[in-house]
Amino acid sequence: GDCGTAIAGFRGTATVGNYGTATAGIGGIIQIHYFNDRDRIATGYIGENGLKPNVKYTLDANHNFVEDIS
């Protein structure tokens, strides 16, 4: 749900709502829901575009994945 945390292991998929954090293992997929004129989902693939396994990610103001430092 919104502001929640989703964690998935090896080749898993973690999906979370607005303002949430997602973590996945090697070969995994992370998805974070956000609203920008309509409902949208940002999708990231661990191992691509700098996304690292077992790291908690959230979205920045431009809806790009960033490491969650909280």
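With which residue does Asp68 form a salt bridge, and how far apart are the closest N and O atoms?

Analyst: The partner of Asp68 is Lys56, with 3.8 Å between the closest N and O atoms. Asp68 belongs to the segment after β7, whereas Lys56 sits in the loop between β5 and β6, so the pair ties together parts that are 12 residues apart in sequence. A salt bridge here is a side-chain nitrogen of Lys or Arg within 4 Å of a carboxyl oxygen of Asp or Glu, and strands are DSSP runs of E of at least two residues, numbered from the N terminus. The model is predicted: local features need pLDDT of at least 70 and side-chain atom pairs pLDDT 80 or more, while totals for chains, interfaces and linings use all residues. Numbering starts from 1 along each chain as its sequence is written, and side-chain values rest on heavy atoms, without hydrogens or water.

The structure holds two salt bridges. In the other, the side chains of Glu67 and Lys52 meet at 2.7 Å, N to O. Glu67 lies in strand β7 (residues 65-67) and Lys52 in the loop between β5 and β6, so parts 15 residues apart in sequence are tied together. Lys56 has a relative accessibility of 32% and therefore counts as partly exposed (buried is under 20% relative accessible area, exposed over 50%, partly exposed in between; 1.4 Å probe, protein chains only). Lys52, at 40%, is likewise partly exposed.

The loop between β5 and β6 also holds Leu51, which counts as buried because its relative accessibility is 9%. Leaving aside residues up to four places away in sequence, Leu51 touches Ile30, Gly44, Tyr45, Ile46, Tyr57 and Phe65 (contact means heavy atoms within 4.5 Å).

Lys56 is in turn among the contacts of Ala22 beyond four places in sequence, which also include Ala14, Ile30 and Tyr57. Ala14, Ala22 and Ile30 touch the most other members of the largest nonpolar core, which has 15 residues. Such a core is a set of buried Ala, Val, Leu, Ile, Met, Phe, Trp, Tyr and Cys residues joined through side-chain atoms within 4.5 Å. Strands β1 (5-8), β2, β3 (21-24), β4 and β6 (57-59) each supply at least two residues of this core, and β4 gives the largest share, three residues.

Strands β2 and β4 (residues 29-35) pair in the parallel sense over four bridges (pairing requires at least two DSSP bridges). Both belong to an open, mixed sheet of three strands in the order β2-β4-β5.
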